[in-house]
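Subject: Structure handover

Hi there,

Here is the structure I promised to pass on.

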Amino acid sequence: MRVEAKWWKKTEDGKVECYLCPVSCKLKDGGVGSCGVRANIGGKLYTFTYGSLISAAIDPVEKKPLFHFLPGHRTLTIATPGCNLHCKGCQNWEISQVPKGEVFKNRFYDETFVPPELIVEKALEHGCESISYSYSDPTIFAEYMLDVAKKAKEAGLKNIMVTAGFINPEPLEEIDKYMDAYSIDLKFFDDKAYREYSKGRLQPVLETIKYVFSKGKWVELTTLIVPKYLTEEQIKKIAEWIGNELAPWVPWHLSRFFPHYKATDLPPTPVEELIKAYNIGKEVGLEYVFVGNLPGNNYESTYCPKCGNTVIGRTGYFITDVNLKEGKCNKCGYEIKGVWEKNPAPSGV
Ligand code: SF4
């Protein structure tokens, strides 16, 4: 549904400037932003996809991925079309990449409108404990996310933002008031790689991560091990940055890349590269490093950093084993950082 956007201003030369994300599109009348879903109509900026749901699913929170945030709970996950990044290997490109001009032609955006209160109602009806904003980047539906998140909070639900973190400080500050946890992609540690692969930039992403972490929100990071673009040197820098700028107990998910969209010339990440990245993370001193997108691997459980006990065993997104009591390893008593409102239970395989 078309509504006036929240974060924009007029420029001296008669355009409108969107300051929702660091792309900072300056648009003349009829101009469409890089995300494909915001446009200048008659001197005002509009978002065309407020509540235009393109995807909704109930997932285990582990799928976000969040491993140390209320493990095993169900989260209603929603998305609308568009994205402010353009990753070559996007696996959701059919919903994230909206051709410019589409918003003026496609009635889909009005016909799929779902009011915020209905999202909350459905989450409660299906026994979800949270709402996740994901699939495309939720930055792009920030106004809608904000309205759903406010209502979710009132209803006692948690809010989870699954994002690439390419958002400006002002909107982030407002959204963050309603968020409980973040799953953030830290794709590269090289601005050139960010620009070439994603049309993004490194520094704004680092600022986003630092900001939400400083606000005490639960944060887990994911790095897709993209061959060619993500070097071993960058992997080490990411691990060191997490340990130094955040904390060694921040979970870091290393995800296997598979070729999609415009990156079909790249191979899937070799398994040995994933294990190498895992070892780099551990050598740097990170306590919780995981390997994802690789079924049946030994690196998707939480091990106690002190005694090696399997504190939470996982197979894929399912919890198989729990040896955690009141946030501590039940063997040696080491504090396992996370948000554990209750002792998690196995969720079955
Ligand atoms: S949200 Fe869209 S219109 Fe706004 S600055 Fe980013 S890419 Fe441009």
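Below are my notes, going from the overall layout down to single residues.

First, the ground rules. This is a predicted model, in which local features need pLDDT of at least 70 and side-chain atom pairs count only at pLDDT 80 or more, while totals for chains, interfaces and linings use all residues. Residues are numbered from 1 along each chain as its sequence is written.

**Domains**

The domain assignment, which comes from an automatic or database source, gives domain 1 (3–47) and domain 2 (55–300). Their centres, taken over C-alpha atoms, are separated by 25 Å. Domain 1 puts 16 residues into the contact and domain 2 puts in 21 residues, where contact is defined as C-beta atoms, placed from the backbone, lying within 7 Å. On the domain 1 side, the touching residues divide into 12 nonpolar, 3 polar and 1 charged. For those classes, Ala, Val, Leu, Ile, Met, Phe, Trp, Tyr, Cys and Pro count as nonpolar, Asp, Glu, Lys and Arg as charged, and the others, Gly among them, as polar.

**Cores**

The largest nonpolar core has 93 residues. By definition, such a core is a set of buried Ala, Val, Leu, Ile, Met, Phe, Trp, Tyr and Cys residues joined through C-beta atoms within 7 Å. A residue is buried if 20 or more other C-beta atoms, placed from the backbone, lie within 10 Å of its own, exposed if 12 or fewer, and partly exposed in between. The residues with the most contacts inside the largest core are Ile 131, Met 145, Val 148, Ile 225, Trp 252 and Leu 254. Helix H5 supplies the largest share of this core, 7 residues; helices (H or I, at least four residues) and strands (E, at least two) are DSSP runs, numbered from the N terminus.

**Helix H4**

Helix H4 covers residues 116–125, and its buried residues are Ile 119, Val 120 and Ala 123. Seen down the axis of H4, these fall within an arc of 95°, so they line one face of the helix; the arc is that of the directions from the helix axis to the C-beta atoms. They pack against strand S8 (74–79), strand S9 (130–133) and helix H5 (142–154). Gly 127, which follows H4, has a positive phi near 70°.

**The ligand**

What surrounds the ligand? The shell consists of Cys 18, Leu 20, Cys 21, Val 23, Ser 24, Cys 25, Gly 33, Ser 34, Cys 35, Arg 38 and Asn 84, a residue being near the molecule if its C-beta atom, placed from the backbone, lies within 6 Å of it. These divide into 6 nonpolar, 4 polar and 1 charged.

**Backbone points to check**

Most residues other than glycine have a negative phi, and most peptide bonds are trans. Here are some cases to look at against that background.

- The peptide bond from Lys 64 to Pro 65 is cis, with omega near -10°. Pro 65 sits in the loop between strand S7 (55–60) and S8.
- Tyr 135 is not a glycine, yet its phi is positive, about 65°. This residue lies in the loop between S9 and H5 and counts as buried because it has 21 C-beta neighbours inside 10 Å.
- Asn 293, also not a glycine, has a positive phi of about 70°. Asn 293 is in the loop between strand S14 (289–292) and strand S15 (302–303), and is buried, with 20 other C-beta atoms within 10 Å.

Arg 256 lies in strand S13 (residues 252–256) and is partly exposed, with 18 other C-beta atoms within 10 Å. Its contacts include Ile 225, Pro 268 and Asn 293.

Val 98, in the loop between helix H1 (93–96) and helix H2 (102–105), is buried, with 24 C-beta neighbours inside 10 Å. Among the residues that Val 98 touches are Gly 36 and Pro 81.

Tyr 178 is in the loop between helix H6 (169–176) and strand S11 (181–185). Tyr 178 touches Leu 146, Ala 149, Lys 150, Lys 153 and Asn 159, leaving aside residues up to four places away in sequence.

Best wishes

Key
Two residues are in contact if their C-beta atoms, placed from the backbone, lie within 7 Å.
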